[in-house]
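The following paragraphs lead the reader through the arrangement of helices in a protein model and then turn to its surface. Please keep the structure in view while reading.

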Amino acid sequence: KERQRSERKLLTDIREGLSWLWHQPLILYIAFLTGGLNFLTAGLIPILLVLVKQQHGSSLLYGTILTIGGIGGIIGSLLGAPIQKRFRFGPVIIWTVGIEALLFPLYAVVPNPLLLGVVSAGIFVTGPIYNVVQFSYRLSLIPDELQGRVNSVFRLLAFGFQPLGWALTGLLIQWLQVVPTILILSAWGLFLALLTAINPHVLKAGRRVNESGVDL
């Protein structure tokens, strides 16, 4: 009986989180946008592995590429909070998604492995900025009593696409080779960027939401 009560409570919590999220079009869109971006970037590791191999790079060079990319991630982490405080939600989300969409196709044309690291660094800069901005805005909007339930559903939507990205990228590389795979994923990234740029809820969002639910 205790287990049944726990299961019923879990289902109730999930339903309440979904219900709140469903009636918040901006946060619902951001959940699916984050999932779409995770779907896109999940393929970076197999893509980089294949590109380094094709360019006759060593394991050390592959590690160097990831290190350069990691430096970009650190820079993005340092920039996230100041950008969140200074700029409105909409433009930051649009620009970070757009920059990632523009950088991703460069994997298909860069001539040497070190430039792969530079491209990766550019993409990794945008990720932490995007995450800081959307996370802080989301927390300011969700009622305190629903934080756990809504954020659990949000994370399910946001990260549920990641395994699909890994699997599809591997299959596309096997079927079509790496460059066509990059172009297909780039088209997906461009679609997300355009969809975000015209989303009215993204465009009108402020820096944060106050206790009365008003954008600031």
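Angles under 35 degrees count as roughly parallel, and angles over 145 as roughly antiparallel. The model discussed here is predicted.

The crossing in which α4 passes α6 is right-handed. As for the classes of residue in the contact of α4 with α6, there are 18 nonpolar and twelve polar residues, and no charged ones.

Helix α6 also has a relation to helix α3, which covers residues 44–54. The axes of α3 and α6 come within 12 Å and cross at roughly 170°. Because of this angle, α3 is roughly antiparallel to α6. Here, too, the handedness can be stated: α3 passes α6 in a right-handed crossing.

Attention may now move to the surface. Which residues form a nonpolar patch there? The patch is made up of L168, L171, W175, L176 and I184, which together have about 460 Å² of accessible area. Helix α8, residues 162–176, gives the most to this nonpolar patch, with four residues. I184, by contrast, is found in helix α9, which spans residues 178–197.

How values were computed. Residues numbered from 1 in each chain as written. Predicted model: local features only at pLDDT ≥ 70, side-chain atom pairs only at ≥ 80, totals over all residues. Heavy atoms only, no water. Left-handed = near helix turned anticlockwise from the far one by under 90°. Helix = DSSP H or I, 4+ residues; strand = E, 2+ residues; numbered from the N terminus. Nonpolar A, V, L, I, M, F, W, Y, C, P; charged D, E, K, R; others polar. Patch = residues over 30% accessible without salt bridge, like charges linked within 9 Å, V, L, I, M, F, W, Y side chains within 5 Å. Areas by Shrake-Rupley, 256 points an atom, 1.4 Å probe, with all protein chains shown as cover. Salt bridge = Lys/Arg side-chain N within 4 Å of Asp/Glu carboxyl O. Axes fitted to C-alpha atoms, helices over the stretch in contact; angles between N-to-C directions. Parallel < 35°, antiparallel > 145°, perpendicular 65-115°, else oblique.
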